Amino acid sequence: MPVKIRLQRHGKKGKPFYWIVAADARSKRDGKSLEKLGTYNPNTNPATINLDIDRAVKWLQNGAQPTDTAKAILSYKGALLKNHLAGGVRKGALTEEQAEEKFQAWLDDKAKRVDAKVDGLSKADASAKAKALEAEKEANEARIAKNAPAPVVAEVEAPAEEAVEEAPQTIDEAAAEANEAPVAEKVEEVKASKEEE
């Protein structure tokens, strides 16, 4: 029975989620599988991969053939390297401890690279948010400046100051001016009515 390590699609439309499985090559894509080895979620950045490396190596040593995508995932997680090192141990080129040490060093290096990518993505996201916030502040300030009636306020204040300067100095002067104005108007009215007669 030819065995393949391949992906089984799950998840909903537009949001795929895959199981990494060892299955008979003749079975359907999402059909019966022999063993679930892990999961692969391409919707996150970087992609989230959970893989049982030891079980994947066991299937590789028993002759399972990975598909192209599964091979890329196994390589990314180190299953192919561990299989290669296990072959070196079987041939006597390495000891078990040396192989485990090399594999652990590779895992540490890989973890640093993934963390660097995550940090770079978070910094890029934070800078994009900061730029968007600055652009929004500038747009708001421009909108407020466009709608603000600042010149109208200055014109209203100027005539009020002139009116204060023209006002009489004392109460007696104000009363005298008030009395003089109606008398002068009445005199003019009387003259106008006499001229008409």
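Trainee: In which element is E35 found?

Mentor: Helices (H or I, at least four residues) and strands (E, at least two) are DSSP runs, numbered from the N terminus. E35 is found in strand 3, which covers residues 35–41. A word on the basis: this is a predicted model, in which local features need pLDDT of at least 70 and side-chain atom pairs count only at pLDDT 80 or more, while totals for chains, interfaces and linings use all residues. Residues are numbered from 1 along each chain as its sequence is written, and side-chain values use heavy atoms, with hydrogens and water left out.

Trainee: Which residues does E35 touch, apart from those up to four places away in sequence?

Mentor: Contact means heavy atoms within 4.5 Å. On that basis E35 touches I20, V21, A22, R55 and W59. Two of its partners are also joined to it by polar contacts (a pair of N or O atoms within 3.5 Å; within protein, one must be able to donate a hydrogen and the other to accept it, and residues adjacent in sequence count only if both atoms are side-chain atoms). The side chains of E35 and R55 are joined at 2.9 Å, and those of E35 and W59 at 2.6 Å.

Trainee: How many bridges join strand 2 to strand 3, and how many join strand 3 to strand 4?

Mentor: Five bridges join strand 2 to strand 3, and the two run antiparallel. Strand 3 and strand 4, likewise antiparallel, are joined by four bridges, and a hairpin of six residues connects them. G38 illustrates the arrangement: I20 stands opposite G38, and in strand 4 the bridge partner of G38 is L51. Y40, in turn, stands opposite I49 in strand 4.

Trainee: Why is strand 3 described as largely enclosed by the rest of the structure?

Mentor: Buried means under 20% relative accessible area, exposed over 50%, and partly exposed in between (1.4 Å probe, protein chains only). Strand 3 is called largely enclosed because six of its seven residues are buried. Over the chain of 197 residues, 21% count as buried.

Trainee: How many aromatic pairs are there?

Mentor: A pair of aromatic rings is described by the distance of the centres and the angle of the planes. Rings of Phe, Tyr and Trp (its six-membered ring) pair if their centres lie within 6.5 Å; planes under 30 degrees apart count as stacked, over 60 as edge-to-face and the rest as tilted. The count comes to two aromatic pairs. The rings of Y18 and Y40 have centres 5.9 Å apart and planes at 20°, so this pair is stacked. Y18 in strand 2 (residues 15–24) and Y40 in strand 3 are 22 residues apart, and their pair links distant parts of the chain. Both Y18 and Y40 are buried. The pair of F103 and W106 is also stacked, at 6.4 Å centre to centre with 15° between the planes. F103 and W106 lie three residues apart in helix 4 (residues 96–147), about one turn of the helix.

Trainee: Are F103 and W106 buried or partly exposed?

Mentor: F103 is buried, with a relative accessible area of 5%, whereas W106, at 23%, counts as partly exposed.

Trainee: Over the face of which residue does K36 lie?

Mentor: A charge sits over a ring if NZ of Lys or CZ of Arg is within 6 Å of the ring centre and within 35 degrees of the ring normal. K36 lies over the face of W19, at 4.1 Å from the ring centre.

Key. Two strands pair if DSSP finds at least two bridges between them.
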